[in-house]
Amino acid sequence: MKFTLSWLKEHLETDAEIAEVAEAMTMAGLEVEDVHDPVAALAPFTVARIVSAERHPNADRLQVCQVDTVDGLKEIVCGAPNARAGLTTIYAPIGAWVPGLGVTLVEKPVRGVVSNGMLCSAAELELAGESDGILDLADDLKVGTPAAGVFGAEPVIDFEVTPNRADWLGMAGIARDLAAAGLGRLKTPDIQPVPGTFPSPITVRIEAPEMCPVFAGRLIRGVKNGPSPEWLQRRLTAIGLRPINRLVDVTNLVAYDRCRPLHVYDAAKLVGSEIVVRGGQVSEGAEHIAAGTHEHLIALDGKTYAVDPAMCVIADAAGERPIGLGGVMGGESTGCADETVDVFVECAWFDPLVTAQTGRTLTLTSDAQYRFARGVDPASVVPGLELATRLILDLCGGEPSEIVVAGEGPASPAAFAFDPARVGALTGLSLADDRIAEILSQLGFEIARGSPWTVTPPSWRRDAEGPADLVEEVARIEGYGKLPSTPLPDLGAPSKGVLNPRQARVRAARRALAAMGYAEAVTWSFTKQSTAALFGGGDDRLRVENPIAADLDCMRPSALANLIQAAARNADRGHPDAALFEIGPIYLDDSPTGQRTVIAGLVAPRAPRHWSGGAEDALFALKGDLMALLDALGAPTASLQLVQGQNRDWWHPGRSARLQLGPKNVIVEFGALHPRVLKALDADGPMLAFEIVLDAVPEPRGKATKARGAASLAPLMPLTRDFAFVVEDGKATGDLVRAIAGADKTLITDVRVFDVYRGAGVAEGMKSVALEVVIQPRDATLTEAEIEALSSKVVAAAGKVGAVLRG
Amino acid sequence: MTDLAQLELDLINAIGGAETAAAVEELRVSALGKSGSISGLLKGMGAMSPDERRERGPVINGLRDRVQAALAARKAELEAAELDARLKAEHVDLTLPPRPRRKGSVHPTMQVMDEMIALFADMGFAVAEGPDIEDDFHNFTALNFPPKHPAREMHDTFFLTPDPGTGERKVLRTHTSPVQVRTMMTQKPPIRIIAPGRTFRKDSDATHTPMFHQVEGLVIDRGVHMGHLKWTLETFVARFFEVDDIDARFRPHHFPFTEPSAEMDIRCDRSGGELKLNQGDSWMEILGCGMVHPNVLRNCGIDPDEYQGFAFGMGVDRLAMLKYGIPDLRPMFEGDTRWLAHYGFSAFAAPNPASGLS
């Protein structure tokens with residue numbers, strides 16, 4: 001909402017300057033967004049008069065003018081066709097910043113003649129969009145008069161109106177709050193009724209009281225329409241409105257002055273003598289009209305709108321012809337023009353929700369719609385009509401009928417009990433009861449002081465529903481700056497930390513992965529539906545109905561797609577070796593339990609070449625990172641089963657696996673991603689990844705104390721024995737390792753694979769696996785015979801999984 | 001005597017001239033071996049008369065000791081030289097680069113989230129969480145947004161496809177306030193929580209992304225008032241920006257779920273692209289807050305005549321940008337490795353009271 005200081009001063013007696021007003025507004029809750037001060041911009045410019053204008057010696061289109069200015073006689077080069085001796089115009093001195101050109105004037109020769117300033121057009125001063133010459137002003141203006149005064153320019157404040165305060169959409173409402181805040185005295189002029197001289201020949205019938213409970217109107221006959229006087233045009237232009245004609249301008253004036261929208265119909269264009277207020281109609285079917293066809297209205301903006309039954313329609317012709325959308329916009333068919341002679345003025349109250357919904361459905365807003373949707377003062381129906389009548393009579397003449405009123409406005413806000421002690425209890429402010437009563441009264445609340453008080457909100461404050469609302473009124477007018485700063489009772493930091501085990505694991509995983517060289521990314525929770533489908537998602541129930549972009553229309557079933565696409569973008573920028581991770585949500589369904597937290601990591605293994613030769617196998621490096629991470633999370637890594645060949649179909653079937661605690665409790669899938677999926681996402685492979693479902697990782701059992709069990713630090717040296725087994729190539733080496741480790745769980749502490757060999761000396765289809773078994777003697781040094789016995793157990797255990805000691 | 005002196009001289013010279021460990025060993029055998037020259041002299045002592053032995057013994061033993069010492073010294077010398085030579089041959093060019101190591105990082109939003117959690121933990125706030133996909137009740141109705149009210153439009157809500165059976169339309173939560181609702185409905189006061197998490201609004205420009213992060217806070221108890229709110233936020237903001245004191249102002253605002261409501265501004269100077277706190281003439285809004293609306297308390301089963309409290313909410317990404325001088329919001333969510341390396345944090349920069357926040 002924009003307004004000017006002069007308009008405010010019609011309602012508020014104050015000496016405050018614009019900056020003070022803006023500050024007071026901000027601190028009273030009227031959030032100022034912009035203060036535009038054209039006076040400051042126009043400060044360097046003054047009135048000047050051309051004394052003589054001669055053809056420029058070196059240019060046909062330029063003139064060299066001698067100009068009488070505030071700085072004395074100046075020689076100025078001017079290219080405007082209308083520059084002539086005797087012309088009164090605006091002068092800009094050297095050094096002035098010309099807003100319309102965006103330049104600061106410097107003294108420089110124009111085709112050999114130095115110009116000591118500039119004569120300005122309206123466009124150059126940003127007073128008009130375009131100009132075809134320099135300003136041509138009244139001859140009686142004195143040279144040196146400030147331009148700001150000539151053009152009536154004045155500062156404009158633009159502020160944000162919160163949705164609870166429709167009354168701030170009128171100057172009177174703003175002034176009331178500012179007066180309460182101590183900025184001046186409220187002096188909104190009273191409205192004097194204008195008696196009608198004849199009964200209104202036009203009547204009103206309300207068929208939809210739930211949409212429009214009250215509708216008042218009157219005929220004014222014999223008006224003379226036309227352009228508004230300058231003061232009115234200037235007032236509207238200053239706040240960005242376009243003057244149309246006197247009748248329309250009056251409705252805009254009242255809308256902005258009192259937050260009281262009105263509508264004016266050209267009575268000559270009305271069909272019949274009754275205006276009907278009803279819901280929109282849908283045809284039941286007739287000749288040439290299919291059943292279900294909505295009626296249409298061509299509105300004043302020239303566009304055609306299909307009206308539905310949830311919208312409020314104003315109709316004439318016995319209710320048949322729509323001539324307006326109630327509270328939103330009038331129809332073109334009955335609009336006022338310069339020739340209009342008789343007008344019917346409407347002043348009604350339209351339901352906020354209906355008006356808001358109509359605006360949303362039709363994506364149609366207007367000053368009226370904006371106000372009715374927030375809630376116009378229902379008590380302003382008749383006074384608003386009287387004020388509009390007065391203004392129309394003043395500007396257009398004419399003769400008013402008596403007022404017709406159909407229906408009844410909604411009830412005024414109910415009184416409620418209020419204990420003034422609530423102010424202190426909720427805010428910590430200590431205010432005398434008298435001060436509380438003073439603030440509330442200034443804002444229009446009626447107070448009956450008893451025990452407790454009974455407070456009745458004014459008709460325009462339908463947002464005030466209870467004591468907390470009154471506390472806010474008192475606190476904001478008194479000033480939040482006076483609130484005390486009171487320490488919260490010290491509960492200390494909770495003795496066991498504030499994170500639950502899951503949150504603590506997220507934090508540990510983040511730091512662990514960053515330490516392992518992965519960069520944390522945060523990516524959208526949404527993806528493209530077809531991409532979601534590649535990762536087992538894409539359910540319609542997880543589709544975003546109104547996505548921000550077509551490729552972000554579905555909740556993600558995995559964090560991998562986003563990481564793959566991020567890695568691909570990095571590769572496109574010449575950085576193909578990404579290692580990324582994200583800890584965040586995935587969505588399996590739309591219920592609260594359908595959301596899981598995943599820890600996803602992705603590596604694009606493109607390590608740059610190194611002089612020392614090949615590096616660690618990237619896939620096993622990733623597996624190592626994953627195992628270390630699971631260990632850091634306290635996952636039961638020793639009991640995890642590694643299952644290969646059963647990953648879901650976005651994984652490389654031969655180069656991926658999952659870790660599980662039984663087939664129904666998969667903790668993580670990892671490995672290489674399927675080339676088909678990478679291709680679909682425009683990503684160059686290979687890419688390696690893992691995705692841990694954190695919720696599936698069992699939490700370590702809680703213990704009564706934090707004490708660790710006794711450490712078992714064997715005093716004897718461990719020894720190692722090497723074995724080589726021949727086993728079918730297709731068999732999982734992990735099974736062999738596990739079998740050997742299980743041969744003697746007391747003595748064998750580790751089994752390390754140090755070679756896998758296929759080729760000469762090993763039969764076709766077989767592989768040789770060389771292992772180092774770490775043996776930890778417990779109570780005494782092992783004898784040769786005992787070591788021999790253990791070796792036999794190892795060979796036997798390997799035999800059970802089909803491995804034969806290599807001869 | 002001349003014989004012994006000559007022998008000693010010859011041996012010492014020979015030892016000094018030996019060039020290899022093997023030559024030294026050869027000399028040792030020739031002098032001290034089974035049939036060595038000195039061994040022979042030592043053996044000859046057995047046949048001497050006691051007087052002769054008393055006289056010759058020390059001389060021969062002295063000779064043996066000196067030769068032994070000379071042998072050991074030469075041996076050590078040669079070994080040292082050999083080691084020097086070997087080590088010299090083992091020279092490597094250490095100007096060669098090591099294998100590059102990937103440098104990981106923590107995302108600035110997450111770092112700041114951790115910082116906030118640490119600061120609020122210190123003030124006794126627990127951490128509560130809730131789902132991103134919410135129902136209308138938890139995101140709006142319980143928070144005193146009446147159905148169809150224009151206040152809902154302020155939130156540019158994302159909707160999921162309606163349930164074909166019930167017609168219910170889930171929303172992506174527009175704030176983490178639904179977590180406050182869930183907390184109040186399941187816990188008895190006193191309540192002191194923060195709710196960090198992802199939030200969603202249909203908005204995309206230089207300063208808005210369709211997904212962002214919030215931390216909201218909620219304190220419910222008997223007698224908690226706006227003065228407590230003011231202290232809590234002033235204290236938090238000063239600690240967050242790591243300054244002793246913060247020049248802040250509270251300004252009335254409107255939120256459906258709080259009454260009275262406020263926004264908090266901090267005084268700052270942002271000229272030159274750097275945030276200088278407590279300086280300059282401009283105020284920057286950093287968060288919204290207020291006393292929990294009695295309707296919200298009632299909707300969550302808490303008696304507003306007995307309990308009251310405050311709530312606040314702030315944008316984590318935005319505060320990360322302000323604190324760490326990140327100029328643009330959008331790259332936050334693009335996963336550009338260069339950006340992450342530049343604006344990310346070390347794994348070891350976890351906030352703690354001893355070393356600070358980052």
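Analyst: Start with B:Glu259, which sits in strand 7 (residues 258-269) of chain B. The model is predicted. An unreviewed UniProt entry places a "binding site" annotation on B:Glu259.

Is B:Glu259 buried or exposed? B:Glu259 has 27 C-beta neighbours inside 10 Å, so it counts as buried. The cut-off for buried is 20 or more other C-beta atoms within 10 Å.

Which residues does B:Glu259 touch, once neighbours within four places in sequence are set aside? In chain B the contacts are B:Gly290, B:Met291 and B:His293. In chain A they are A:Ala468, A:Asp469 and A:Glu472.

The backbone deserves a look here. The peptide bond between B:Glu259 and B:Pro260 is cis, with omega at about -5°. B:Pro260 also belongs to strand 7 of chain B. A cis bond also joins B:Pro189 and B:Pro190, and there omega is about 0°. B:Pro190 lies in a loop, between helix 8 (177-186) and strand 4 (191-200) of chain B.

Take A:Asp469. Its place is in helix 13 of chain A. A:Asp469 is buried because 22 other C-beta atoms lie within 10 Å. Apart from neighbours within four places in sequence, its contacts are A:Asp463, A:Ala464 and B:Glu259.

Take A:Glu472 next. This residue is in helix 13 of chain A too. A:Glu472 has 29 C-beta neighbours inside 10 Å and therefore counts as buried. With residues up to four places away in sequence left out, A:Glu472 touches B:Glu259, B:Pro260 and B:Ser261.

What packs against helix 13 of chain A? Helix 12 (residues 433-442) of chain A does, and helix 13 spans residues 467-478. The axes are 10 Å apart and the angle between them is about 95°. Helix 12 of chain A is therefore roughly perpendicular to helix 13 of chain A, as angles of 65 to 115 degrees count as such.

The residues of this contact can be named. Helix 12 of chain A brings A:Ile436, A:Ile439 and A:Leu440. Helix 13 of chain A brings A:Leu470, A:Glu473, A:Val474, A:Ile477 and A:Glu478. By class, six are nonpolar, none is polar and two are charged.

Step back to the whole interface. 80 residues of chain A are in contact with 73 residues of chain B. The largest share on the chain A side is seven residues, and it comes from helix 14 (residues 501-515) of chain A. The chain A side divides into 44 nonpolar, 22 polar and 14 charged residues.

One annotated domain in chain A is also worth a look. UniProt, in an unreviewed entry, lists residues 714-806 of chain A as "domain: FDX-ACB". Over residues 714-806 the chain is 28% helix and 34% strand. The end C-alpha atoms of this stretch are 32 Å apart.

Helix 19 of chain A covers residues 733-741, and its buried residues are A:Leu736, A:Ala739 and A:Ile740. They lie on the same side of helix 19 of chain A, because they cover an arc of only 95° around the axis. Their packing partners in chain A are strand 39 (719-728), strand 40 (748-757), strand 41 (766-775) and helix 20 (784-800).

Two backbone details remain. A:Asp682 is not a glycine, but its phi is positive, near 60°. A:Asp682 lies in the loop between helix 18 (675-680) and strand 38 (688-693) of chain A. With 12 other C-beta atoms within 10 Å, A:Asp682 is exposed. B:Asn144, also not a glycine, has a positive phi of about 70°. B:Asn144 is in the loop between helix 6 (136-139) and helix 7 (150-153) of chain B. B:Asn144 counts as buried, because it has 21 C-beta neighbours inside 10 Å.

Note on methods
Residues numbered from 1 in each chain as written. Chains lettered and ligands numbered in written order. Predicted model: local features only at pLDDT ≥ 70, side-chain atom pairs only at ≥ 80, totals over all residues. Contact = placed C-beta atoms within 7 Å. Helix = DSSP H or I, 4+ residues; strand = E, 2+ residues; numbered from the N terminus. Nonpolar A, V, L, I, M, F, W, Y, C, P; charged D, E, K, R; others polar. UniProt positions renumbered as here; feature names shortened; annotations may be inferred. Axes fitted to C-alpha atoms, helices over the stretch in contact; angles between N-to-C directions. Parallel < 35°, antiparallel > 145°, perpendicular 65-115°, else oblique. Arc of directions from axis to C-beta.
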